[in-house]
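The entries follow in the order I checked them.

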Amino acid sequence: MKVSRLDKEFYPEDHLTKGDLIEHYRTVADAMVPHLAGRPLTMRRYPDGIGTGGFFQKDASDYFPDWIKTTTVQHRHGKPGAVDYVVCDDAATLVYLANQAAVEFHIWLSTTEDLERPDRMVVDIDPPDGVPTAVLQKIARRLRDVYTEIGLTPYLQATGGRGYHVAAPLDRTAGYDTVRELALAVSDRLAAEDPDLLTTQQRKNKRGDRIFLDVNRNGFGQTFVAPYSLRARPGAAVATPLDWDELGRSEPARYTTERIRRRLVRKADPWSTMDHHAASAEEALENLG
């Protein structure tokens, strides 16, 4: 595969180049590709680095080679047309997309096996600026405990941004409406227990300085940041799956490309066995009730 402009600086404050970007995705491919495989992909591309305007891309570009796998998703609600999403099932595709200046990778919560039925549920702990990490860790543990109580297996990800994701694998027996209902019910329960700290309010101007429990990713066509994706922010942090016993010494944006490289040498991906613990969203909703 031909790569180009490897010396171009993509992270001006961190002095990381396009070559560093490509090397990161080559290094993490074995751990990352299983989380991408079969899922429609949204890329966040920065042809001139993160210091300039980037853009989100859903449709595969016309010039992408024929060996890049795509899946066609029709627009919904009577809207004409369709989107040809890239599906990244191998390391070669991942490296090719990195060479196209794809800095961030965001994935659907369902796969091409059944796009209407998600096999993931995700609650995003999204704080305003200035919230101590210890507070975010406490909320993640509370979500973990509710997930466990209702029969879900909770998984943790430091987003590489400001917060954490708490995810659960699902058995694809329920559609998106049910999964979003479940995520919202779980989040509403926590917000009701601590209304001065937490909210599920969609409108920013009504959240105040509370932490937003975001369930909007649990909708058809919505995405969350893929494990091991770089983030297009100064610091060049990486979205990182964690074991729960690592939470107390973690931070949302602690994991750099170098730390991830060392981590994957000594430690298996904490989400690698996620699908073995898939549960029913409908049963979890009943248990919550």
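**Entry 1: source of the coordinates.** I note that this is a predicted model.

**Entry 2: positive phi.** H15 came up, with a phi of about 55 degrees. I placed H15 in the loop between β1 (9–11) and β2 (16–17). Is H15 buried or exposed? Its relative accessibility is 55%, and the cut-off for exposed is over 50%, so H15 counts as exposed.

I also noted R172, which is not a glycine and has a positive phi near 65 degrees. R172 sits in the loop between β10 (164–169) and α4 (176–193). I read 28% relative accessibility for R172, which makes R172 partly exposed.

**Entry 3: salt bridge count.** How many salt bridges are there? I got a count of 25. Side chains of opposite charge can pair when their charged atoms come close. I then went through some individual pairs.

**Entry 4: E23 and R26.** I found a salt bridge between the side chains of E23 and R26, at 2.7 Å from N to O. Both residues belong to helix α1 (residues 18–36) and are three residues apart, about one turn of the helix. E23 is partly exposed, at 36% relative accessibility.

**Entry 5: D89 and K69.** The side chains of D89 and K69 form a salt bridge with an N to O distance of 2.9 Å. Which parts does this pair tie together? D89 is in the loop between β6 (82–87) and α2 (91–99), and K69 is in the loop between β4 (55–57) and β5 (70–74), so the pair links parts 20 residues apart in sequence. I looked up the accessibility of both partners. D89 has a relative accessible area of 31% and is partly exposed. K69, at 42%, is partly exposed too.

**Entry 6: R261 and E258.** I recorded a salt bridge between the side chains of R261 and E258, 2.5 Å from N to O. I located both in helix α5 (residues 257–266), three residues apart, which is about one turn of the helix. R261 is partly exposed at 38% relative accessibility. E258 is partly exposed, with a relative accessible area of 36%.

Note on methods:
Residues numbered from 1 in each chain as written. Predicted model: local features only at pLDDT ≥ 70, side-chain atom pairs only at ≥ 80, totals over all residues. Heavy atoms only, no water. Helix = DSSP H or I, 4+ residues; strand = E, 2+ residues; numbered from the N terminus. Buried < 20%, exposed > 50% of the residue type's maximum accessible area, 1.4 Å probe, protein only. Salt bridge = Lys/Arg side-chain N within 4 Å of Asp/Glu carboxyl O.
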